[in-house]
Amino acid sequence: KQAPIEVEQLEKAIQKMQQRVQQAFEKEKETKKVLEQFVSDASHELKTPLTSIRGFTEVLLRSNFENVQQVEDSVTQIHLQTERMSALIERLLQLSRLDRQEPLQLEMISFNELVEDLMPVLEVLGEKREMNYVLQSAQSQQMDVMKMQQVVMNLVQNAIRYSDDGSKITIKAYGTKLEVIDEGRGIEQEKLPYIFRRFYRVDTDRARSTGGEGLGLAIAKEIVEQHDGTIQVTSTVNVGSCFTITLPKE
Ligand code: ADP
């Protein structure tokens, strides 16, 4: 009399197992797709400056180096593109180190102290902006100082990159939160969900001319999430953006 129930249980268990295998398979497929996209994007991004370097080198070789102005322009471009490539490779390596989940070097520090230590650099970066600091975070928490400083730098660099000279940038620390607020061009609502993706840029042409490659926010997100924190954004076009990092309360 017991037998039918056992068969039923067995069938259920098998069904569950099949579901799990299917889910794992789907996840694996998704991971593979993301990885393939990443390699393809990275190769594309590296190819762009390389193509440009090749072009200018060919110009030089064909010119017999007679036209001084042309030589100067080409070498300047080659130098610029080489710098771009090396910055890109540096960021790719950084992402790959983050992907390997190397352990964080944790120290107790408050966002106040973290920002205060960064101020000399921020002042130089933001010399054409009105830099404003509201530091009210007395609470110390576990942070990898170098990595978290990198996050703040990436956010401030963006705030500068996507706003006009003379506009205000506010860095606000309170509780376990840190905000970077700008009065820049803002981001359309429908694009907000994508800006933390690797290589995503809202305005490819304009972002390219300002030197971005779409990895700054992806790196920031990765670092914040390794701290079990979150990074969020609110933005209004032509008014400005606010990026908020929230770390868990100790
Ligand atoms: P990038 O190197 O292009 O700045 P990020 O990953 O840092 O790459 O940012 C992705 C995109 O999000 C940018 O290309 C830009 O379009 C948008 N973005 C980021 N920060 C801001 C900001 N403060 N104001 C307006 N747009 C921003």
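Good morning. The model is a prediction, so local features need pLDDT of at least 70 and side-chain atom pairs count only at pLDDT 80 or more, while totals for chains, interfaces and linings use all residues. Residues are numbered from 1 along each chain as its sequence is written, and side-chain values use heavy atoms, with hydrogens and water left out.

I begin with the ligand. Its shell, meaning residues with a heavy atom within 4 Å of the molecule, holds 19 residues, and the closest are Asn158, Arg161, Tyr162, Asp182 and Leu217. By class, the shell has 9 nonpolar, 6 polar and 4 charged residues. Here Ala, Val, Leu, Ile, Met, Phe, Trp, Tyr, Cys and Pro count as nonpolar, Asp, Glu, Lys and Arg as charged, and the others, Gly among them, as polar.

Which elements each supply at least two residues of that shell? They are helix H4 (145-161), helix H6 (216-226) and strand S7 (240-246). H4 gives the most, with 3 residues. Helices (H or I, at least four residues) and strands (E, at least two) are DSSP runs, numbered from the N terminus.

Next, the polar contacts, which are pairs of N or O atoms within 3.5 Å. The side chain of Asn158 places an N or O atom 2.8 Å from an oxygen atom of the ligand.

I turn to the open spaces. On a 1 Å grid over the protein atoms alone, a pocket is an open set of points with protein on both sides within 12 Å along at least five of seven lines, a cavity is a set where a 1.4 Å probe fits but cannot get out, and lining residues have an atom within 4 Å of a point. Points are joined across faces, edges and corners, and a volume is the space filled by probe spheres set on them.

The largest pocket has a volume of about 740 Å³. It is lined by 21 residues, and those closest to its centre are Val34, Leu35, Phe38, Arg197 and Arg198. Helix H1 (3-63), helix H2 (68-99) and H6 each give two or more residues to this lining, and the largest share, 8 residues, comes from H1.

Of its 28 lining residues, Tyr162, Arg185, Ile187, Ile195 and Val202 are the closest to the centre. The lining divides into 10 nonpolar, 8 polar and 10 charged residues.

Finally, the structure holds 1 cavity of 30 Å³ or more. Arg91, Asn154, Gln157, Asn158, Arg161 and Gly216 line the largest cavity, and H4 supplies the largest share, 4 residues. This lining has no nonpolar, 4 polar and 2 charged residues.

Key: A polar contact is a pair of N or O atoms within 3.5 Å; within protein, one must be able to donate a hydrogen and the other to accept it, and residues adjacent in sequence count only if both atoms are side-chain atoms.
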